Amino acid sequence: MSKGGAAVGDVLLTVNDLKTYFYTASGVSKAVDGVNFRINRGEIMGIVGESGSGKSVASSSIIRLLPARTGKIVSGSIDFDGTDVLKLGDKDLLAFRGREVSMIFQNPMTSLSPVFKVGHQMVEMICAHHKVSRQEAYRMGEEAL
Ligand SMILES: Nc1ncnc2c1ncn2[C@@H]1O[C@H](COP(=O)(O)OP(=O)(O)OP(=O)(O)O)[C@@H](O)[C@H]1O
Ligand SMILES: [Mg+2]
């Protein structure tokens with residue numbers, strides 16, 4: 001959602017020197033080690049890299065969805081539309097995820113239910129975060145696709 005006065009082309013997301021490490025029994029895995037990028041409002045960006053290069057971990061870091069015990073953002077900053085994502089408390093984080101930023105996970109068979117149409121699942125999510133009618137939610141879902 002855009003804040004007052006925001007326009008296409010304004011900076012929306014700034015990821016600066018992001019480092020996300022995993023602390024496991026077999027040692028420290030530096031999954032993301034100093035990533036920088038910026039996305040403007042209305043811009044579409046793709047990240048390309050070999051398997052295991054950290055694309056998913058970098059994306060999960062932006063919504064702060066990492067394994068609680070082992071995964072840690074050890075340094076860097078994430079600014080989304082003026083919000084310091086790394087400073088969000090639990091309650092604000094819940095509102096942030098799904099409303100401001102959504103993630104479609106890599107394995108659609110586990111992240112989407114095969115028994116409901118995609119439209120239905122998008123409408124559910126939109127209605128959970130916005131005060132809109134189902135019809136309007138459907139329109140928003142269609143626009144997002
Ligand atoms: N929960 C975890 N615990 C420990 N290491 C992890 C965990 N999740 C990811 N990693 C490690 O982080 C690194 C980056 O993984 P990531 O899943 O981000 O790669 P990717 O670029 O998304 O790969 P793919 O193209 O296969 O989806 C890998 O070395 C992976 O083994
Ligand atoms: Mg991945």
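Student: By class, how many nonpolar, polar and charged residues does the shell around ligand 1 have?
Tutor: Happy to start there, bearing in mind that this is a predicted model. The shell around ligand 1 is made up of 13 residues. By class, they split into 4 nonpolar, 7 polar and 2 charged.

Student: Which residues come nearest to ligand 1?
Tutor: A residue belongs to this set if one of its heavy atoms lies within 4 Å of the ligand. Of the 13 that do, the nearest are Ser51, Gly52, Lys55, Val57 and Gln106.

Student: What is the distance from an oxygen atom of ligand 1 to an N or O atom in the side chain of Ser51?
Tutor: Let's look at the polar contacts together, taking a cut-off of 3.5 Å between N or O atoms. Ser56 places a polar side-chain atom 2.9 Å from a ligand oxygen, and Gly52 uses a polar backbone atom at 2.8 Å. For the side chain of Ser51, the distance is 2.6 Å.

Student: Which element gives the largest share of the shell around ligand 1?
Tutor: Two elements each give two or more residues to the shell: β1 (11-24) and α1 (55-62). The largest share is 3 residues, and the element giving them is α1.

Student: Is α4 roughly parallel or roughly perpendicular to α5?
Tutor: Helix α4 spans residues 118-129 and helix α5 spans residues 134-144. Their axes are 9 Å apart, and the packing angle is about 115°. Angles of 65 to 115 degrees count as roughly perpendicular. Therefore α4, relative to α5, is roughly perpendicular.

Methods:
Residues numbered from 1 in each chain as written. Chains lettered and ligands numbered in written order. Predicted model: local features only at pLDDT ≥ 70, side-chain atom pairs only at ≥ 80, totals over all residues. Heavy atoms only, no water. Polar contact = N/O pair within 3.5 Å; in protein donor to acceptor, adjacent residues only side chain to side chain. Helix = DSSP H or I, 4+ residues; strand = E, 2+ residues; numbered from the N terminus. Nonpolar A, V, L, I, M, F, W, Y, C, P; charged D, E, K, R; others polar. Axes fitted to C-alpha atoms, helices over the stretch in contact; angles between N-to-C directions. Parallel < 35°, antiparallel > 145°, perpendicular 65-115°, else oblique.
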